[in-house]
Amino acid sequence: MAATRPPVSGRQKVEAVVLYPLDWLEERSGLVGAVKYFLFRKVPGDVNWFQTLGSATLTAFIVQAITGVVLAMYYKPDPNSAYESIRHITNDVTLGWLVRGMHRWGASLFIILMFFHMARVFLFGAYKYPRELNWIIGVLLLILGMLEGFTGYLLPWDQTAYWATVVGINLNGTGPIVGPFLSYILRGGSEIGPDTLARYYSIHMLIIPGAIIGLIVLHLYLVIRLGVTSPPWSKSAAGAPWIEEEDEEGPARKGLVQPAPRGGAAK
Amino acid sequence: MDQDPIGHKPEHPPGQSVWPIGFAIGIACVLVGLVISWWVVAIGGAIALVFGALWLSDLSGHPILPAASAEPEPAPGPSGARHEAPPETSRTGFLAFATLGLGGLIGALITIPPLFLAMIPPFLKQSKKPVDLGPLSLYPLNEWRIVTFRLVAGEGPVWNRTAYIRYNGPVKGGVPSFTIISNRCAHLGCPVQPLGLVQQSQSKDISSVTHEPVKVTPVIAVSGFSCPCHGGAYDTEGNRTAGPPVRALDRFQFSIVKGRLVLGKMYSVAHVDGTGAEAEIHTHKLFGPGQHVDGWEQIFYPFTPPS
């Protein structure tokens with residue numbers, strides 16, 4: 001029986017053993033192929049480092065999510081113990097200062113990276129047809145990110161946190177017509193009280209992160225479907241080499257292949 | 001050039017449609033209506049809907065009104081078949097309808113209660129009881145006292161609030177007159193501070209008398225109030241003298257019960273003419289900081305939730 005098979009080297013045997021779990025997974029889910037497709041999909045040849053800002057933003061968000069989940073194990077969203085629990089995290093818990101610091105400074109980094117990423121997309125004209133919807137999703141993500149900043153700022157429950165939130169809520173309260181109602185919803189009543197802190201905690205760690213994760217999935221789906229844009233100075237139409245094989249109906253409709261930016265360098 | 005470099009032929013030339021203008025006018029009408037009146041909103045909404053539909057019909061290549069575009073209507077191609085729904089009476093159609101309908105119903109049933117809990121309780125009346133601020137003897141004639149009290153009895157320090165209180169002597173009929181000014185700035189709600197010398201050493205804790213935490217601190221030579229956040233400044237009647245506040249400082253109603261000063265509800269003040277017991281206070285119901293109660297800007301705040 002063994003004679004019917006071609007000779008197998010030791011290296012091939014090791015490879016087969018290592019790859020067996022992946023093959024098992026692939027056969028049952030197709031996930032390995034999906035990840036390979038995502039990682040090895042074609043992008044224009046002249047992309048550059050500016051096009052990594054989106055991934056950097058995503059990384060910053062993941063840092064926020066992970067550190068936030070762990071901080072929630074020690075934080076107490078109650079007016080009588082919130083400040084003390086933050087002090088406890090910073091001074092007593094082993095490495096608490098580090099994780100809180102990552103969350104605190106990472107928050108600013110997340111917002112800054114979002115703006116850099118947005119600037120790149122704007123200056124490269126990458127928001128143009130057919131990517132307008134992804135720009136809109138990005139704007140929603142920016143708004144949600146800033147709401148994360150606003151709600152997270154209250155949680156340390158010190159003087160800065162409290163009065164900054166008072167001002168922030170009342171600022172919303174000055175909006176025409178709906179302002180007074182908006183401020184009541186943000187405050188959880190006519191006055192800031194214990195409910196306000198719990199409300200902000202829930203919004204900060206459950207509602208908005210959930211929405212952000214959902215929108216990030218959509219955002220990435222569209223990036224993969226529509227492809228990456230060439231820089232504006234690109235000499236060739238984006239992803240040109242394989243486009244000629246496509247039929248007349250328009251490769252964009254089939255997805256996965258990107259049209260050149262309109263009015264860009266592809267003239 | 002007529003063709004994209006990648007061979008993607010546009011199905012129709014970029015919009016020559018005039019309908020977006022009508023749509024924009026409708027939206028503008030809605031925004032103006034929000035300020036002026038509800039029926040203007042309705043008219044604007046109707047305009048926006050009609051022109052929005054016309055615009056979409058143009059974009060789809062099947063204009064409702066042929067006059068809007070000189071292009072002849074393209075013959076319906078095979079793309080029309082894409083949107084064809086299964087016949088209504090088919091088993092598939094019925095099951096699809098039933099699944100969507102039931103799913104929607106269940107979704108609504110489980111979404112509405114949590115949504116209600118998140119949005120409605122903030123607007124329901126919160127029971128705030130009058131606050132006992134101690135015997136009248138604590139408040140000498142024409143002197144200011146900083147009074148810190150607990151807005152909700154039995155709750156924690158998160159409910160601590162501060163008022164500036166001055167006794168103006170008895171008015172006609174022997175009823176005592178008090179000026180009770182809230183420390184909540186009329187700009188964005190920061191705590192205003194008295195411009196005077198705070199006699200911290202003479203601060204009195206009268207919690208044993210009032211059964212709730214109340215602290216009374218004298219402050220002398222008060223020339224007004226100012227806010228540390230954005231520099232709002234007020235005179236001793238709470239009238240705005242400088243900075244960004246949009247009205248005078250809010251005040252508290254009060255009553256005298258068995259020789260005790262009892263704090264009532266808060267109300268807003270446009271401005272105050274005169275001083276002390278003779279002051280004419282232009283009162284309004286309580287509005288949030290930064291919300292105008294007089295002047296033309298009051299049209300922006302026609303409603304405020306009950307406090």
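Predicted model: local features only at pLDDT ≥ 70, side-chain atom pairs only at ≥ 80, totals over all residues.

Colleague: Fine. How many helices and strands does chain A have?

Modeller: Chain A has 11 helices and zero strands, and read along the sequence its pattern is α-α-α-α-α-α-α-α-α-α-α.

Colleague: And what share of chain A is buried?

Modeller: Of the 267 residues in chain A, 39% are buried. As for contacts in chain A with a separation of 6 or more, 70% of them come from residues 24 or more positions apart.

Colleague: Let's look at α3 of chain A. What should the helix span, and what do its end C-alpha atoms give?

Modeller: Helix α3 of chain A covers residues 53-71, and at 1.5 Å a residue its 19 residues should span 27 Å, which agrees with the end C-alpha atoms being 27 Å apart.

Colleague: Which residues of α3(A) are buried?

Modeller: The buried residues in α3(A) are A:L53, A:T57, A:A60, A:F61, A:Q64, A:T67, A:G68 and A:L71. Seen down the axis of α3(A), these buried residues fall within an arc of 140°, so they line one face of the helix. In an α-helix there are 3.6 residues a turn, so residues three or four places apart point the same way.

Colleague: What is on the other side, and what does the buried face pack against?

Modeller: On the other side of α3(A), A:I66 and A:V69 are exposed, while the buried residues of α3(A) pack against α4 (82-91), α5 (96-123) and α9 (194-226) of chain A.

Colleague: Switching to helix pairs: at what angle do α1 and α2 of chain A cross?

Modeller: The axes of α1 (residues 10-29) and α2 (residues 31-39) of chain A come within 6 Å and cross at roughly 95°, which makes α1(A) roughly perpendicular to α2(A). On the α1(A) side the contact is made by A:L22, A:L25, A:E26 and A:S29, and on the α2(A) side by A:L31, A:V32 and A:G33. By class, the contact of α1(A) with α2(A) has four nonpolar, two polar and one charged residues.

Colleague: And where do α6(A) and α7(A) meet?

Modeller: The axes of α6 (residues 132-154) and α7 (residues 159-173) of chain A come within 7 Å and cross at roughly 135°, which makes α6(A) oblique to α7(A). From α6(A), A:F150, A:Y153 and A:L154 meet A:T160, A:A161, A:Y162, A:A164, A:T165, A:G168 and A:I169 of α7(A). The residues of this contact between α6(A) and α7(A) divide into seven nonpolar, three polar and no charged.

Colleague: Now the backbone. Which peptide bond is cis, and where is A:P130?

Modeller: The peptide bond from A:Y129 to A:P130 is cis, with omega near 0°, and A:P130 sits in the loop between α5 and α6 of chain A. For context, most peptide bonds are trans, and most residues other than glycine have a negative phi.

Colleague: What about A:W157, buried or exposed?

Modeller: A:W157 is buried, with a relative accessible area of 13%. Its place is in the loop between α6 and α7 of chain A, and phi of A:W157 is near 55°, a positive value in a residue other than glycine.

Colleague: And B:H211, where is that found?

Modeller: B:H211 is found in the loop between α4 (207-210) and β8 (215-220) of chain B. Phi of B:H211 is near 65°, a positive value in a residue other than glycine, and B:H211 is exposed, with a relative accessible area of 68%.

Note on methods:
Residues numbered from 1 in each chain as written. Chains lettered and ligands numbered in written order. Heavy atoms only, no water. Helix = DSSP H or I, 4+ residues; strand = E, 2+ residues; numbered from the N terminus. Expected span 1.5 Å × (residues − 1). Buried < 20%, exposed > 50% of the residue type's maximum accessible area, 1.4 Å probe, protein only. Arc of directions from axis to C-beta. Contact = heavy atoms within 4.5 Å. Axes fitted to C-alpha atoms, helices over the stretch in contact; angles between N-to-C directions. Parallel < 35°, antiparallel > 145°, perpendicular 65-115°, else oblique. Nonpolar A, V, L, I, M, F, W, Y, C, P; charged D, E, K, R; others polar.
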